[in-house]
4 protein chains.
Amino acid sequence: MTLKTGFLGYRFMGRAHANALSRLPMFFPDAPAVNREVLIGRDEDALGTAVDELGFDRYVTDWRDAIDEVDVLYNLGPNDLHPDPSITALENDVHVLSEKPLAHTLEAAERMAEAARESDATAGIAFNYRFVPAIQLARDLVASGELGEINHVRATYLQDWLVDPDAPWSWRNSAERAGSGALGDLGAHSIDLARFLLGDDVERVSGHLRTFVDERPVAEGGTGGIDAGDGSAVETREVTVDDAYTAQAEFAGGTMGLFEASRFATGHDNANTIELNGSKGSLRFDLERLNELEVLRADSRGFETVLVTDPDDPYLEHWWPPGHVIGWEHTFVHENYAFLSAIDGGTDYAPDFGDGLAVQRVLEAIQRSDRTGEWTTV
Amino acid sequence: MTLKTGFLGYRFMGRAHANALSRLPMFFPDAPAVNREVLIGRDEDALGTAVDELGFDRYVTDWRDAIDEVDVLYNLGPNDLHPDPSITALENDVHVLSEKPLAHTLEAAERMAEAARESDATAGIAFNYRFVPAIQLARDLVASGELGEINHVRATYLQDWLVDPDAPWSWRNSAERAGSGALGDLGAHSIDLARFLLGDDVERVSGHLRTFVDERPVAEGGTGGIDAGDGSAVETREVTVDDAYTAQAEFAGGTMGLFEASRFATGHDNANTIELNGSKGSLRFDLERLNELEVLRADSRGFETVLVTDPDDPYLEHWWPPGHVIGWEHTFVHENYAFLSAIDGGTDYAPDFGDGLAVQRVLEAIQRSDRTGEWTTV
Amino acid sequence: MTLKTGFLGYRFMGRAHANALSRLPMFFPDAPAVNREVLIGRDEDALGTAVDELGFDRYVTDWRDAIDEVDVLYNLGPNDLHPDPSITALENDVHVLSEKPLAHTLEAAERMAEAARESDATAGIAFNYRFVPAIQLARDLVASGELGEINHVRATYLQDWLVDPDAPWSWRNSAERAGSGALGDLGAHSIDLARFLLGDDVERVSGHLRTFVDERPVAEGGTGGIDAGDGSAVETREVTVDDAYTAQAEFAGGTMGLFEASRFATGHDNANTIELNGSKGSLRFDLERLNELEVLRADSRGFETVLVTDPDDPYLEHWWPPGHVIGWEHTFVHENYAFLSAIDGGTDYAPDFGDGLAVQRVLEAIQRSDRTGEWTTV
Amino acid sequence: MTLKTGFLGYRFMGRAHANALSRLPMFFPDAPAVNREVLIGRDEDALGTAVDELGFDRYVTDWRDAIDEVDVLYNLGPNDLHPDPSITALENDVHVLSEKPLAHTLEAAERMAEAARESDATAGIAFNYRFVPAIQLARDLVASGELGEINHVRATYLQDWLVDPDAPWSWRNSAERAGSGALGDLGAHSIDLARFLLGDDVERVSGHLRTFVDERPVAEGGTGGIDAGDGSAVETREVTVDDAYTAQAEFAGGTMGLFEASRFATGHDNANTIELNGSKGSLRFDLERLNELEVLRADSRGFETVLVTDPDDPYLEHWWPPGHVIGWEHTFVHENYAFLSAIDGGTDYAPDFGDGLAVQRVLEAIQRSDRTGEWTTV
């Protein structure tokens, strides 16, 4: 049986997932067969091109038309488009893989998680960094107890693409569409990674959000922009989300957490870093060097830089010999392999909408704490 | 004229400052002449040995006996011994260099700062990391505007010497004597560095303190320990300070700050790190690599690892050719050179007791915020 | 028109090139269309499986049967299989992409280069590391003159997969089949990279070869192995190539070169590093961190770590946003894109068999120098 | 008893050793007492200043006048001044610590070693990098067998202070005075470190020397310079030594060696690096991060960055708590402590003139190989 997939969204994430699907047969021959059936969007010109490039059979311009015709819906649209299509799909027992964060509001996320609980279909959330081999290795180290009790986690996700005040406005700057800014886009990854590595939940937080640039120009041809006739942008839009956040956290098991993300961290492209300090050992990870894990064990004196490319490292037997590094996109291949295999095998998949909701609750608590100035229980 | 100095304290800090004084003539020949006159302590045996090793003329066992006989008092004792001797010295127009934090309580720190304001003597606080050449270079970069407006500062000071629950109790674990734990010992450095580099003050904070191990064994012969007769420690003492803290901060100028220190960060000996992200550039520093500064300028694409050992780098013309690195102790030489030269020249010295008080206010606000669970104005 | 390709070889390199071809349509839509027509090998069982996994139409067991039926021959077999099929293909105006080194002997390499000169077909050699974006950026920096005259090049390629004396014998340990060991396998890359970056040729060399382990067990089922009945290998084979080499070199333009490769460098998986020092600047590269280039410019004080993932970096506009790193296999995509586009467009392709021959001459000179103990002109 | 010392030379090395002596009492209280008795030089003005700054009692302008009056002669002059004063001192049973390389010619080095053998005095050579704690730790690791048989050593010493063709001529550019350039100045350290770490001798070498800039301006007031009246240098002098060298080496025990040094390696101030690869483990060191040793053990997967500042690391109990790094100058303190203690205790001291001669033989063999173009037996 071949799984028929429909993608809602065909830009960055659409390409990442389409590429992942296209690579499964050669590298994961036991993955279920998948057909890229239908692409969902609004701009027919763009859809026509994307259908060809991403290897889909056809496109539709209303997601409702696709639900009946696919086994799996990839919800890769802006955050406010996650709830309705995902819930409808689940109600029709169509499997869903939703991009993160789960939704633009906690209320919507709760509805999605409720729909997932009541559906027979699999509802996954695309926290792809769980599928970095170094992160899987890290999780195994923590779970084995080799690091002891984890006293500290600090996770920072730094980018700098909005430092320029003339960087154009997009839906990612809109509270209505995105829910939050750096917090939901980047912080969601940090919080999920911490939960995944620790196997523990955040209990309470103190958060701080900040918008450095309050309005941004609308790009030519951008949403709602009006061309002045001379090619320049004539309109700006308000930035209603955070450019950066910080948070302190306490986990149920007692771990102290420190979180930060920014789109204003000059000099950082994609520095998704996390460090854990346990009573017996520590580890460090940086997505910009995603093939490496720095590990400190009980009997070592310093961090050991492990190149996680050996055949018995997670997922690595499928790829290349030791030292032949993989890239960012491989995390999507692993994620899709795990997700589709779970569907195919009828087994549980993690991270699921429950995980997405758990992260969303932390995001919301951070926002609430920022407003009240008080520590907030998740 | 030779400045006569008295040291209250002769262990770690006593040795660091005595060494610094002994090196001035060879490397800073224009520094004022200094005599190591008198060592102040309680244990006469230890004092006798220390007088020889540290090059002092003699010792006394009551600090009151030393005030009249010195030009400069180095207050290197536990935090609760900072106020009285320092204030008495200043009242007698004896210059004071006090170790950090300024005091064990905010109230005492305020009295010290008041005494400093009313005295004609110089009152310095030993935030020695201001005197790392890389930090001076960093400050110059920020002050020149080359990094633009500073959006982020994150400063972390990680050690691991208390991870072992059997590590012995010391005055540093006592709220009464130390005021706080990692916060005052390590966090004070971070906060001072941030203030120094930014030229700005913390306006409000949200803090979190944590004690991982509640009581510790008293070492044989340790303060208050009772020997069981078989050489083993028979008593434990309560740990009344934090083993680790985190804090979020907002500076007057709008910079977002994130702070953390721990004595439980397995794998870190002395990782005093600070990073600034400005609108035009960024910089990073790690005390474990104190000769290096990582700099990102407006026209660079990545952080540049600068080895700060050129003759026109701060203080470096006094030392060795490029690439011949200096050590931790050199920060004390620079600090003493600056402090003594200020005394000699009748000029202002920074950091002074006012800076010490400013830091103490932040420390206290972090503690207060930890108790109330609310953001706290400094 | 669709280019029909045949692959001689279907293991490591076969998979790397098949993957590359499969990814062109999505990421390089202007690349010529390619069909994976025929796989060439001897073991029909393995071929059957490989045809499916690598996406070929069919297989043949004699390369002569494939020449007439393809537009492009990928010669991915052991080195001693490079000459005959490649020459026959070129004589039939079939394009050839040969793995490196060009051949197992200089004489064979010369025949191949001669065939390439006389053919209308394109003859490329698969020095894929030229197609690392950081290397292309490095070449541009050198070519622009920004680094000044290059005084030094040092290139080291370290692996450790033969440190274990029980690691099994393979054709790579046979002089007859491989020509040389670490020298031809790894050193060929170093020498090509140096030639590519400098735009200059090696004039003379002094070489040193070393075999640390003289014979190795033949793996069960390995070539020529005899099973003792208890599953253990019963036979060893002689290692007739170098496990490691070093070489000093002088380039025509005066650059001093230092080269080394080893399969005995414990702790290194795939450390293909190269550093250039010019009169105005320097650069460093390490394949294990292939997304990074360390650059020192005339006005910088230290090496700047550039993450080569910006849209205007070589090939990067085809992939992901800044900071989303690519992997080792992407070099093959770039290489195939360049090679097939050259065929399609009727333009020159580099590196070609002439480059392969130039490298082979250096390899041979190093071997000759090792035998004579004298500096040898290439 | 106090050892009376005389220093021939009072600039860079004079200051380094005077500083070392001045620090012994505080940090190495069991070191023998030392008096800085007499400074030897030619320029009386400079001597007068140096006597004060370096803490000597007086100066003389003829070394012969000092021999009778000191217990220990520190020979810190240019290389061609090493032989005569050292030999005369040893003939008078005055202990000698000579800077490296031992002499400007092999013949002179042999005479010096002969004098050392026939004298009752201690004759040490100042290969100070043996006294870096990380290097001592490295030696212990090798000697313990933990790294197995050492297959590779590669040692590189890179500086860039002569890249500028207008950098002034000095005695270090004169074959007559220095013997060689980068080879003797920097390469001598590399070769000594390799010998020390391996406990093995170089058997044969192939060398390559290169002078990039053939003549250099004589600095105003420099040796032999003539002022044109307008303050500009009017004369250049020929550079008769190498600006850079490379060498391949074979050790008696079979280790392959690769060596390089340059004063033209743009971007490197003092990059004295060495790496060993053994059958069970590896290690790496870089002088610019002298508190760190990178170690790979049999059971580790990557290099571990060890901060060599623990109390039981070599010499560290004398200094500061873990993580409080030492500097370049500390190597001189350790060296002097070891040297003077050997004198005081009547024990052997290493490295001695025999070690200096062994290194000199390698230096000379590299030069000879460069001339003949052939591998040369040491």
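Which residues is M112(B) in contact with, leaving aside its neighbours within four places in sequence?

1. **M112(B).** The residues are H82(B), P83(B), S86(B), I87(B), L102(B), A103(B) and F353(B). Contact here means C-beta atoms, placed from the backbone, within 7 Å.

2. **Basis.** The model is predicted: local features need pLDDT of at least 70, side-chain atom pairs count only at pLDDT 80 or more, and totals for chains, interfaces and linings use all residues. Residues are numbered from 1 along each chain as its sequence is written, with chains lettered from A and ligands numbered from 1 in the order in which they are written.

3. **Cores.** M112(B) is also among the residues with the most contacts inside the largest nonpolar core, which has 246 residues. Such a core is a set of buried Ala, Val, Leu, Ile, Met, Phe, Trp, Tyr and Cys residues joined through C-beta atoms within 7 Å. Apart from it lies another core, of 245 residues, including L24(C) and I366(D).

4. **A182(B).** This residue sits in helix α8 of chain B, residues 182–198 (a DSSP run of H or I, at least four residues, numbered from the N terminus). A182(B) counts as buried because it has 28 C-beta neighbours inside 10 Å (buried: 20 or more; exposed: 12 or fewer; partly exposed: in between; C-beta atoms are placed from the backbone). S262(B) is 80 residues away from A182(B) in sequence, yet 5.7 Å away in space, C-alpha to C-alpha.

How values were computed. Two residues are in contact if their C-beta atoms, placed from the backbone, lie within 7 Å. Helices (H or I, at least four residues) and strands (E, at least two) are DSSP runs, numbered from the N terminus.
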